[in-house]
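This report describes the structure shown below, beginning with the whole chain and then turning to selected elements.

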Amino acid sequence: MSLAFSRSRRHRYFEAQHLANQMLLHLQVKRGIKILAVLLVLGATAIVAMDEARSLSAREARAAEPPQENPVPALTPYVDVHVHFDGEGQGVIEAALQALDRENAAKLFFLSPPDTYDTPNRLESDFLLPLIRKHPNQLAILAGGGTLSALIQESVKRGDSGADMQARLRDRAEEILRIGGIGFGELTTEHFVSDTPYQHAPSDHPLLLLLADIAAEHHAPIVIHMEAAPQDMAAPPLLGPRNPRRIRANIPAFERLLAHNVEAKIVWAHFGSDSLGNLTPALARRLLRAHPNLYMEIKTDPLNRRKNY
């Protein structure tokens, strides 16, 4: 597969005015296999989920020159459940539809990266919904990276998770589903500096527990980016000075989130791309066996391999 979409640019967040057909993302984990094969069930068809790190560029659809990397079609149809994007709406959709045929993909799920209110022109994905509703069998949206995740970060920063914050989160979460989003993502509880700032929130934060209840009520998944830290640890030097020197333990709080509402489907993003070296098959296996509502995305990025690839 090619990493043909590599540029990044942000959109201002605004509310879509059209309803999209709501679809449910089902993830089934096949256990008893040491390599943790993860299956996606979409309708009646089970296909292997592969999460490729890439951004969909609108300019890709219009560019006259060939891409730098020639895409190699997958041997079997797959669903990419974690697609970031760049560009104007129609160009994004055109690029996505071209990628489906070129890479033998069955369906793409768009979502925006987790962000904060401090980021100028923070990205939210639901502006694509009026266009995606024309292709319900090929494209879908999860939303909340630029709004729900930002609200949680603001709550942590202010030390305020009271009634007003909870009402704001519920209103936005229910709006996402009402206008056609199929779930919530990409949220984060531990995200290192990239195009967005460093972000941390306890996985058992009251707003995340509330979101789990909302997700369970509406049968909608939550996609969470979390670098794995079973215990407090020193940050690897390669993370650089813009990230904290110490990483706080987050696995115990993550397990409390999973146990809070077992009907909430929690998708842990990026298995196979590990910045800290702790997201091993052994840890993933233990958590999957202990928590039937936990699912994992597989990320494959051969040009940017990290630990436990």
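## Overall surface and composition

The protein exposes about 13,600 Å², and carbon and sulfur atoms supply 52% of that area. The model is predicted. Its secondary structure comprises eight helices and 14 strands.

Of the 309 residues in the protein, 55% are buried. Among contacts between residues at least 6 apart in sequence, 79% join residues at least 24 apart.

## Helix H4

Helix H4 spans residues 148–158, and eight of its eleven residues are buried, so the helix is largely enclosed by the rest of the structure. The buried residues are Leu148, Ser149, Ala150, Leu151, Ile152, Gln153, Glu154 and Ser155.

After H4 comes Gly159, which has a positive phi, near 65°.

Strand E10 covers residues 222–226; five of the five are buried, so E10 is largely enclosed by the rest of the structure. Ile222, Ile224 and Met226 point one way from the strand, whereas Val223 and His225 point the other way. Residues on both sides are buried, His225 included.

E10 pairs with two strands that can be described in turn. E8 and E10 run parallel and are joined by four bridges. Within this pairing, Leu187 has Ile224 of E10 as its bridge partner. E10 also pairs in the parallel sense with strand E13 (residues 266–271), over three bridges. Here Val223 stands opposite Val267 in E13.

## Aromatic groups

The structure holds four aromatic pairs. One of them is formed by Phe192 and Tyr198, which are stacked, with 6.3 Å centre to centre and 15° between the planes. How exposed or buried are the two partners? Phe192 has a relative accessible area of 7% and is buried, because buried means under 20%. Tyr198, at 21%, is partly exposed.

Elsewhere, Phe85, Phe110 and Phe127 form one aromatic cluster.

Methods:
Residues are numbered from 1 along each chain as its sequence is written. This is a predicted model: local features need pLDDT of at least 70, side-chain atom pairs count only at pLDDT 80 or more; totals for chains, interfaces and linings use all residues. Side-chain values use heavy atoms; hydrogens and water are left out. Buried means under 20% relative accessible area, exposed over 50%, partly exposed in between (1.4 Å probe, protein chains only). Contact means heavy atoms within 4.5 Å. Accessible areas come from the Shrake-Rupley method with a 1.4 Å probe; for residues, only the protein chains shown count as cover. Rings of Phe, Tyr and Trp (its six-membered ring) pair if their centres lie within 6.5 Å; planes under 30 degrees apart count as stacked, over 60 as edge-to-face and the rest as tilted. Two strands pair if DSSP finds at least two bridges between them.
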